Amino acid sequence: MKLWASEHIFNHPWETVTKAAMQKYPNPMNPNVFGVDVLARGVDPAGRLHSSRLLTADWGMPSMAMSMIGITRSFTYAQEHSIVDPKEKTFELKSTNISFTNIISVDEKLTYKPHPDDPEKTMLTQEAQINVKAISLSSYLEGVIAKSISANANKGREAMEWVIRRLNSEIEELASTARGSMRAPMAAAASEDK
Amino acid sequence: MIYIIHIYINYNNPPDMNSVGEACTELKREYDQCFNRWFAESFLKGERSGEPCGDSFKRYQLCVQRAIKEKDIPVDGVDFMGPNKDKPES
């Protein structure tokens, strides 16, 4: 397990930072985050806004080995639950991966609060907890590739049907051409026999 | 020709605003605009008025839920305003 934490100060007031954090994605610095969708949202009795969001990440071009077997894209997903308290001026976000949870677990927590000494500034505390489950890299890659092979198996079968149809129509063409060219000398031979 | 189509598509669907379901991106944009306005101008200023985006949210949600089902995304559908729960193994 690995823990990671950091603190950062933004030279902007909390409202500005909170608005920005709510619309953080997409942005050019995190090109891997492909999209964000809101799954649920509501204000609780204490006046805090809860949001549950789905983050979609695209890790870009796969290795050559993967592209050879047809993996052109690998989306991974994370789910985030956030709470905005406009009275206390806190914005807390917790996210966790929902893809590959049998292999890895990444839990992140971000908290935006006004800086205790300067209300024109905002403090961000960020923590992450990373757990890689006991599985070897080779085993993981085997699993990914097997999944892709399975997904492509149907395409392979369709491809076979397509090639067979094409070959059959070529054979048919050849056969009818052959019949046509045999008919002429046969007809000639038949008329000679008469 | 394909280049022109590519430019047209990218102009009308800026590649940066993406939803998990490609078809949902426009609905998402509509909802996001409504929500971001309410969030900045009402909610953060302490107004107790409810979010006025219910209709656009419903349309957007139908689309998203369909995309999630189609893509078999393991979303945790637990009541999200309840107490924190441990993440299930999958």
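This is a predicted model: local features need pLDDT of at least 70, side-chain atom pairs count only at pLDDT 80 or more; totals for chains, interfaces and linings use all residues.
Two strands are said to pair if DSSP finds at least two bridges between them.

In general, the strands of a sheet pair through backbone hydrogen bonds, in either a parallel or an antiparallel sense. In chain A, seven strands form an open sheet, and their pairing is antiparallel. Read across the sheet, the order of the strands is β1-β7-β6-β5-β4-β3-β2. From one strand to the next, the twist averages 15°.

Which strands of chain A does α2(B) touch? Helix α2(B) packs on the sheet and touches β2, β3 and β4 of chain A. The direction of α2(B) makes about 55° with that of β2(A).

One residue of this helix may be considered individually. B:Ser42 belongs to helix α2 (residues 25-43) of chain B. Its relative accessible area is 13%, and a residue counts as buried under 20%, so B:Ser42 is buried. When residues up to four places away in sequence are not counted, B:Ser42 touches B:Arg37, B:Glu47 and B:Ser49.

A further helix of chain B, α3 (residues 54-70), has 17 residues. At 1.5 Å a residue, α3(B) should span 24 Å, and the end C-alpha atoms are 24 Å apart, which agrees. Where do the buried residues of α3(B) pack? They pack against β2 and β3 of chain A together with α2 of chain B. The buried residues of α3(B) are B:Ser56, B:Phe57, B:Tyr60, B:Gln61, B:Cys63, B:Val64, B:Ala67 and B:Ile68. Just after α3(B), B:Asp72 takes a positive phi of about 60°.

## Salt bridges

Side chains of opposite charge can pair when their charged atoms come close. Over all chains, the count comes to 10 salt bridges.

| Pair | N to O distance |
|---|---|
| A:Glu15 and A:Lys89 | 2.9 Å |
| A:Lys121 and A:Asp118 | 3.6 Å |
| A:Glu170 and A:Arg166 | 3.6 Å |

The side chains of A:Glu15 and A:Lys89 meet in a salt bridge. A:Glu15 lies in helix α1 (residues 14-22) of chain A and A:Lys89 in the loop between β4 (75-85) and β5 (90-97) of chain A, so the pair ties together parts that are 74 residues apart in sequence. A:Glu15 is partly exposed, with a relative accessible area of 25%. A:Lys89 is likewise partly exposed, at 31%.

A:Lys121 forms a salt bridge with A:Asp118. A:Lys121 counts as partly exposed at 28% relative accessibility, and A:Asp118 counts as partly exposed at 24%.

How are A:Glu170 and A:Arg166 placed in helix α3 (residues 137-193) of chain A, and what separates them? These two residues are four residues apart in that helix, which means that about one helical turn separates them. The relative accessibility of A:Glu170 is 38%, so this residue counts as partly exposed. A:Arg166 is partly exposed as well, with a relative accessible area of 40%.

## Backbone features in the loops of chain A

Several loops of chain A contain backbone features that deserve mention. In the loop between α1 and β2 of chain A lies A:Pro26, and the peptide bond from A:Tyr25 to A:Pro26 is cis, with omega near 0°.

A:Lys89, already described as a salt-bridge partner of A:Glu15, has a phi near 55°, a positive value in a residue other than glycine. A:Phe100 also has a positive phi, of about 55°, although it is not a glycine. A:Phe100 is found in the loop between β5 and β6 (104-115) of chain A. At 31% relative accessibility, A:Phe100 counts as partly exposed.

How values were computed:
Residues are numbered from 1 along each chain as its sequence is written. Chains are lettered from A and ligands numbered from 1 in the order in which they are written. Side-chain values use heavy atoms; hydrogens and water are left out. A salt bridge is a side-chain nitrogen of Lys or Arg within 4 Å of a carboxyl oxygen of Asp or Glu. Buried means under 20% relative accessible area, exposed over 50%, partly exposed in between (1.4 Å probe, protein chains only). Contact means heavy atoms within 4.5 Å. Axes are lines fitted to C-alpha atoms, for helices over the stretch in contact, and angles run from 0 to 180 degrees between N-to-C directions. The expected span of a helix is 1.5 Å times one less than its number of residues.
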